[in-house]
Amino acid sequence: MDHARVLKTSAIATAFVLSLLPLAACGSDSDAAGSDGPQTLRYAYAFTPVAALSPYSDDAVTSYGVGATETLAKLDASGSPEASLATGWEQTDARTWELTLRPGVTFQDGTAMDAQAVAGSLTHATEADPAPRSLSGTDLTVTADGDTKVTIVTKTADPVLIQRLTSPELAILSAKAYADPASPSVVGTGTGPYTITQLNGTTSADLTANTSYWGGQPALAGIELSFVADGDQRASALRAGQTDVAQAVPADQLEPIGTDHVLAVPLPRTVSLHLTQSSTVFSDPAQREASRAALDGLDLAGTIYAGAADPAKGLFSSVSTWADDRPTPDYPKAATPQKQKITLATFSDRPELAEIATVVADQWRKAGFDVKTVVQEYNQMESDYLAGTYDAVIMSRSYGQDTADPISYLQADFSCDGGYNISRFCDKTLDADLAKAATQTDVNARNQAAVAAEHVVLSDVAVIPLIHDRTQFGLADGVLGLAGDPWERAVITAKTTISH
Amino acid sequence: MSRGSAPSGLRSVPGTFATFLLLLVVVAALPWLRGEDPAQTVLRVRFTARGDDPAAVEALRRELDLPSSPISGVLTWLSHALRGDLGTSWVSRRPVGELVGPALGTSLTLAGTALAIAIAVAGLLLTPTIRRGARSGPKPRSRRPGLLSGPVPAALAALPEVVVAVAGVLLFAVTWRVLPVFGWNGPASAVLPGLSLGLPAGGLLARMLSASAEQILTEPWVRAWRASGLDLRPLRRAVVRRVVAVGAPQAVVVGMSIVGSSVAVEKVFSIPGAGTLALDAVLAEDLPVVQAVLAGVVVVGLVAAAVAAAVHRVLAVPDAERAAGEPTHRGTQNEGRRTAWVLVLTFALVVASVGWFRNGTATDLSLRLAAPSLAHPLGADAVGHDQWGRLAHGTLLTVSLAAGITLLALVIGALAGTAAGLAAPGPTPGALDVLATVPSNLAGLLVAAALGPGLRGACLAVLLVAWIPLAVHARTLASEARSAGYVRAAILTGAGPGRLLRVHVLPAVLGPLLRHALVRLPAAALGIAGLSFLGLGADPDRPELGAMLAAGVGYLETAPWLVLGPAGILVILAVLTTSSARSAQH
């Protein structure tokens, strides 16, 4: 009787599991039906919220990307600011900017976006402690000037203030959002074409079309946003017909998806090998040059990235067309590699980087260096990167993160007291040049200064650019009108459509 | 007799609480161990690549109200927690209860599903053994030992969960389109994660219990019953009861390891479970969340352990009391099967030694993901390493480390478990059950914080977790042995504690425990692998089976040889060790 019971129990359990299979089949294809009228778009998004979508965190890009929030200005493809919630701006003196607001804009909660609301929203951002990254180190006052204008006064001259205002961290939200001023809520408080109606923990969020959107009726009925951290799973979901847009598809999944279902966007993001100048071996320019020469001829973009990246020409990618005519670096003379142990570090969050580290380490060993590699999660390593613990670091760095201003990026990464100086590079002349460029209002002059500074750090082999990254969106049949924003901000707009 | 009487139950309470408190303090000491300011870490999680920003760190430090020492931090936290206030997350600023409650619920559902599947799998695999054993004794010489009680469970137990998960997604979601790829809504989304965790766990459970079942089937009362020619059905029922009694505490350990340690599977399916929450919180030094998850997992684990202990008590005692006389361990050996394994082993050794002379460290990007060919018979990986050479070097490294860890875990587990089993008759939940709930990744991160990342730290972390299931098993076996009639008879006839231990208890504990330990050997290898994947184990360019597996799983579809090699070696290793354990025991 008992073995029969064991059998029966097992059989029941197995039957239970098997009986779920058809059940599952019903669930997954439910919204393939219905071809007329606006559709709901399913979007598999790579980054899980860290702070419940608070704009004062990296989550800011999430709500901006799905069209829930908007900023006063936005970046065009070349990185210059253009009108968004503000229709124009004027610099009345070195420290004062006057912005004209777009008329007829209402928040998703029905209140009007007037000058009071905008000034209030920005003032909350300036008062946030810690300050949002785009406002770090600034001091500004925002006041309403009538109903349609706001005035921003900065403590010191800030030529890139408008670029700053394009940061999704400075999204304009209704007064209702600031119940907790340190962590504003973006649920139903933005101005964009899609309203976040619910955030389900770190799993998903639901959005519906904002019918009173100032830019016209949104083309979709809504968005089902799922947070899927695993890149291979996002690609699998697309192939299984369970999502319409898969963000950041890994290179090895492009072939199974098919190139006609991929939207590739070149980014202002460069993977570089930083040689730490405080290192015993790499403090010597001749050693740095020997290490650089050992990597000449590696086709990382064509192999490890399977052609889904571009070989690096410098720190600035093809997005920055102004850097195309850069001069060739003047490298120092190479010496025979020293037989002292060097540590090469990178992080595991992007799987390609560990593969690059393995290849670089092997090339260096063949050239005569003694190399050890360390790969951990980024969050575990950042303080060691900045402290110069490792001799060399492979880093994936976007220079378009906050202001999209090349001078701010160079100052953070290559000036003596820069906040993100992994190379531990220090050159007083370069510091002075960058400080001078930072005061320039003319965009062209700033870009030329950036090219000159890039020439200095490349010629010194402080950093070896490896590849320029792209982001790949996997698209289901019939998805059209994605923003294709090289600044990794806008993704879904009022014009994005899907026809099943 | 007064089993599980008040005194022994009470005695374990202070010990349990002290262990729990100690764990909390160790976890709370994380920022001090790592020597890094939590404000800096939290800032980094909120804003990546922000770099040095002393003003922002200072502002955050004011906001977070950081404790001045781990102990004062834990005491403040506990006093608030007892009043129902778990605090707010340092990273997301959401109430900790809102984060931890749903995550624990999700993990419990997932672990329950996986455990149900594991028990079903184990039941299916054990049925023939029990059925035949009750009829004619365990595996008589004339019969081949059942595949289902030896190699199959061992192979299942060695399957890496992530490989099952990814393969399941490719088959059931992408190819047949019947199951969801990700998410956590409705029973359908529990099937693939449940199978990924349940199949290996079922193999493990079956392997451990088949050892117990065979032991029980050799006991004199079973032989007497069989010889008497009475109806066999009550006998089978009694054997199943005993197997369930031994299995219940083990099932709890398996279930708890799923609650806290299934991070990889949770990540693959985007399941917002406790494992991921704990890992992310530890990485971010988000102490309020870490402490609450740990407390939640410990409470759940203690409740589950108490239920298992009750099951054990209700089912085991009457039968154990029925037992009388000296058990005899029967030799069971099968020459044919042994020859087969000698052949497999010889083949593996030849393959490995040839591979040893191949270069497994030179990269060649032109060979990226090259399929098996004459020049590279096992193919090449994503950076063009020769897979054969890499496998040979990796096998040696991983197997020797795993074997060392397993041996140490066996010794510690046998000593601690036997002592616990003899001290408190009947497995009362105690310090061991608190420790059994510690997620393995958490142990890894703590050790890495103290020692720095590296293989040494990874081995220590795996050992810290690996001895606990063995100790729990040893405790169950020891208390069973102690309550057996022949042992109590020996006590009555004046046998001293030393003789009791040497002659009666240890032999009953060591046999099944040795087999259990050997079944877990691949798990130790996978444990190192899991930590390597987090960057806390071997250097990424060093050949190590687990790291190879972790790097290869993303290419399961385009370059399956990257997974088949290391996974195959782990399965062969598991099957070999269990069959050699069988020989060793007899």
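A residue counts as buried when its relative accessible area is under 20%. By this cut-off Cys459(B), with a relative accessible area of 14%, is buried. The structure described here is a predicted model.

Confidence was examined for chain A. The pLDDT of chain A averages 90, and 93% of its residues score at least 70. Among the elements of this chain, the lowest mean pLDDT, 48, belongs to helix α1 (residues 2-28) of chain A, and the highest, 97, to strand β11 (residues 245-246) of chain A. Over residues 20-34 of chain A the pLDDT falls below 50, although the stretch has 19 contacts in the model beyond near neighbours in sequence. Where pLDDT is low, the predicted coordinates should not be read in detail.

Chain A contains an open sheet of four strands in the order β4-β5-β7-β6, with antiparallel pairing. Strands β4 (86-93) and β6 (140-145) of chain A stand at the edges; each has a single partner strand, so one side of each is left without a neighbour in the sheet. On average, neighbouring strands of this sheet are turned by 20° against each other, direction ignored. Within the sheet, strand β5 (residues 96-101) of chain A and strand β7 (residues 149-154) of chain A pair in the antiparallel sense over five bridges. In general, strands of a sheet pair through backbone hydrogen bonds, either parallel or antiparallel. Opposite Thr100(A) stands Lys149(A), in β7(A). Helix α3 (residues 115-127) of chain A lies across β5, β6 and β7 of chain A and runs at about 170° to β6(A).

Gln163(A) is located in helix α4 (residues 161-165) of chain A. This residue counts as buried because its relative accessibility is 13%, which is under the 20% limit. Not counting residues up to four places away in sequence, Gln163(A) touches Leu75(A), Pro81(A), Asp402(A) and Thr403(A).

Over all chains, the structure holds one disulfide. It joins Cys416(A) to Cys426(A), with an S to S distance of 1.9 Å. The link of Cys416(A) and Cys426(A) is right-handed, with 90° about the S-S bond. Both Cys416(A) and Cys426(A) are placed in the loop between α11 (406-414) and α12 (428-438) of chain A, 10 residues apart. Cys416(A) counts as partly exposed because its relative accessibility is 25%. Cys426(A), at 49% relative accessibility, also counts as partly exposed, the class between under 20% and over 50%.

The secondary structure of chain B comprises 24 helices and zero strands. Of the 586 residues in chain B, 59% count as buried. Among contacts in chain B with a separation of 6 or more, 78% are accounted for by residues 24 or more positions apart.

Leu506(B) was examined within chain B. Its place is in helix α21 (residues 497-519) of chain B. At a relative accessibility of 27%, Leu506(B) counts as partly exposed. Its contacts, leaving aside neighbours within four places in sequence, are with Thr418(B) and Leu501(B). Between Leu506(B) and Arg368(B) the separation is 138 residues in sequence and 53 Å in space, C-alpha to C-alpha.

Conventions. Residues are numbered from 1 along each chain as its sequence is written. Chains are lettered from A and ligands numbered from 1 in the order in which they are written. This is a predicted model: local features need pLDDT of at least 70, side-chain atom pairs count only at pLDDT 80 or more; totals for chains, interfaces and linings use all residues. Side-chain values use heavy atoms; hydrogens and water are left out. Helices (H or I, at least four residues) and strands (E, at least two) are DSSP runs, numbered from the N terminus. Buried means under 20% relative accessible area, exposed over 50%, partly exposed in between (1.4 Å probe, protein chains only). Contact means heavy atoms within 4.5 Å. A disulfide is a pair of cysteine sulfur atoms within 2.5 Å. pLDDT is the predictor's confidence in each residue, from 0 to 100. Two strands pair if DSSP finds at least two bridges between them. Axes are lines fitted to C-alpha atoms, for helices over the stretch in contact, and angles run from 0 to 180 degrees between N-to-C directions.
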